[in-house]
Amino acid sequence: MITRPILAFVFSALLSAVASQSASADENFIIVQSTTSTQNSGLFDDLLPKFQEKSGIEVRVVAVGTGQAIKNATNGDGDVLLVHSRSSEEKFVTDGLGISRSDVMYNDFVIVGPPSDPAEIAGTKNVVAALQKIAETEAIFASRGDDSGTHKAELRLWKAADIDAVSASGKWYRETGSGMGATLNTGTGMGAYVMTDRATWIAFGNKGDYQIAVEGDTRLFNQYGVILVNPEAHPHVKATMGQSFIDWLLSKEGQAAIASFRIDDQQLFFPNGSKGSS
Amino acid sequence: MSSFWDALAGSFGLVIALDPDLMEIIGLSMRVTLTAVFLACLIGLPLGAAAGTFRFPGRTLLSVVLNALMGLPPVVVGLFVYLLLSASGPLGPLRLLYTPTAMIIAQMVIVTPIVAALTRQVVEDFNSEYAEQFASMGVGPLDRLMSLLWDGRYSLLTVALAGFGRAVAEVGAVIIVGGNINHVTRVMTTTIALETSKGNLQLAMALGIVLLTIAFVVNACVMGLRATAVRSAYA
């Protein structure tokens, strides 16, 4: 009788699934909707244990693009939002979906490219001029194309350069519709320029011979903000625990923890927390 | 090619080291997928058997639908289950989103049509063989179903394995409804996706080889059990 041992095995698997489900139902956790850059760089792996040790609150991070993170939070599928697209964040608050937004930290975007540098922009500081040269030479540029914070920042820069890059989509402008890491994998694979946040780039393990071509323009500034999802919009939001996470991030201790996170001796995020900064 | 061999070596290193994080991820993968396949069989086997045995209006349509649903894209299933379980969705109050249960539900939706469609085929073949016998013995419909499923049990094991293979390899649905949360809903496939996006291609590949090995072991176990059972049945 073969079915019996299999049934017993599967049934015990089912039981253990149910059992551990109820074990984790102690509710002492919050869900943070955040972006891929904070997760892929390893920041959360460094930060969250420190917070959990202090508060006993487990933080569960869902790392998606800023656009999707905001949509998920709009649906009420999260207690805290930690993303990087200021105008979308402010809209989220004014729509009554979130309680005041606070600056947490910043880093900057860079444009990375192949050593052959087909658009001859390596070392350029002016990002708008660099984008214009990319468009002129029709050098391949890989865009996130996924409504993420980085994608929105990139589109603002194209607008500043007065170039309708999206009209060249499929030609020299390639929209991957994927996360930062996937876009870097694709971009480096086809010799394209890619705009990425510096944290993801430093932590990225598949750089090949790619180098940073453009950096240091103030327009490449990348601000991260944190918002508590409004419990009036979604009554199940764990406001007290969510707020204590936000308070910790903005506290001296949390800010120091952000500053101390380093990869290859480089600091990835720079704390500039200020409560209710917009 | 050296990176491929490095990945291969790396995967052995990972397994030999019995890395506790990796063990946790493998454990969750197995728990989610085996539970999902078990539940899919609970629904799919009787459903498929009924579709393969009885004549009723819309039978052909049901078969076509089941066959078509075998091709359900996991991302679409993920979206469907997300919208269902989201706090703003109809089942939101259950608070199941971003839990292993959500992942089990998603994989169950993916696997059930596969089990049902393949079961229908297996049972239909047996049924045409046995139809006269059943009629002459005046076997009732429920007994008919049960004896067809029982006689087809060895073929149906392969059906269950096909479902297992699809579920264990699937990433699109579980990453949406599970959220790939560390220590909560991170399974093999979502870890592979994450490491790929971090550019850690060799680690991702090594994890892929580990996943493949686990699938191999599960298949070998089931087929081994089957061989033993067949031998004792005809001994």
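In the predicted model, the C-alpha centres of domain 1 and domain 2 of chain A are separated by 26 Å. According to the domain assignment, domain 1 of chain A is made up of 28-107 + 222-274, and domain 2 of chain A covers 108-220. Where the two domains meet, 20 residues of domain 1 of chain A and 17 residues of domain 2 of chain A take part in the contact. On the side of domain 1 of chain A that touches domain 2 of chain A, two elements give two or more residues, namely helix H2 (36-40) and helix H4 (66-74) of chain A. H2(A) provides the largest share of this side, with three residues. By class, the side of domain 1 of chain A that touches domain 2 of chain A holds 14 polar residues, five nonpolar residues and one charged residue.

Chain A as a whole contains eleven helices and twelve strands. Of its 278 residues, 47% are buried. Among the contacts in chain A with a separation of 6 or more, 75% join residues 24 or more positions apart.

In chain B, the packing of helix H4 (residues 74-85) against helix H5 (residues 100-137) was examined. Two packed helices are described by the angle between their axes and the distance between the axes. The axes of H4(B) and H5(B) come within 9 Å and cross at roughly 135°. H4(B) is therefore oblique to H5(B), and the crossing in which H4(B) passes H5(B) is right-handed. H4(B) makes this contact through B:Pro74, B:Val77, B:Gly78, B:Val81 and B:Leu85. On H5(B), the contact residues are B:Ala102, B:Ile105, B:Ala106, B:Val109 and B:Ile110. The contact of H4(B) with H5(B) comprises nine nonpolar residues and one polar residue, with no charged residues.

Between the chains, 30 residues of chain A are in contact with 26 residues of chain B. Four helices of chain B each supply at least two residues of the side that touches chain A: helix H2 (20-53), H5, helix H9 (188-197) and helix H10 (201-234). The residues on the side of chain B that touches chain A divide into twelve nonpolar, ten polar and four charged.

Key
Residues are numbered from 1 along each chain as its sequence is written. Chains are lettered from A and ligands numbered from 1 in the order in which they are written. This is a predicted model: local features need pLDDT of at least 70, side-chain atom pairs count only at pLDDT 80 or more; totals for chains, interfaces and linings use all residues. Domain bounds come from an automatic or database domain assignment. Two residues are in contact if their C-beta atoms, placed from the backbone, lie within 7 Å. Ala, Val, Leu, Ile, Met, Phe, Trp, Tyr, Cys and Pro count as nonpolar, Asp, Glu, Lys and Arg as charged, and the others, Gly among them, as polar. A residue is buried if 20 or more other C-beta atoms lie within 10 Å of its own, exposed if 12 or fewer, and partly exposed in between; C-beta atoms are placed from the backbone. Axes are lines fitted to C-alpha atoms, for helices over the stretch in contact, and angles run from 0 to 180 degrees between N-to-C directions. Angles under 35 degrees count as roughly parallel, over 145 as roughly antiparallel, 65 to 115 as roughly perpendicular and the rest as oblique. A crossing is left-handed if the near helix is turned anticlockwise from the far one by less than a right angle, and right-handed if clockwise.
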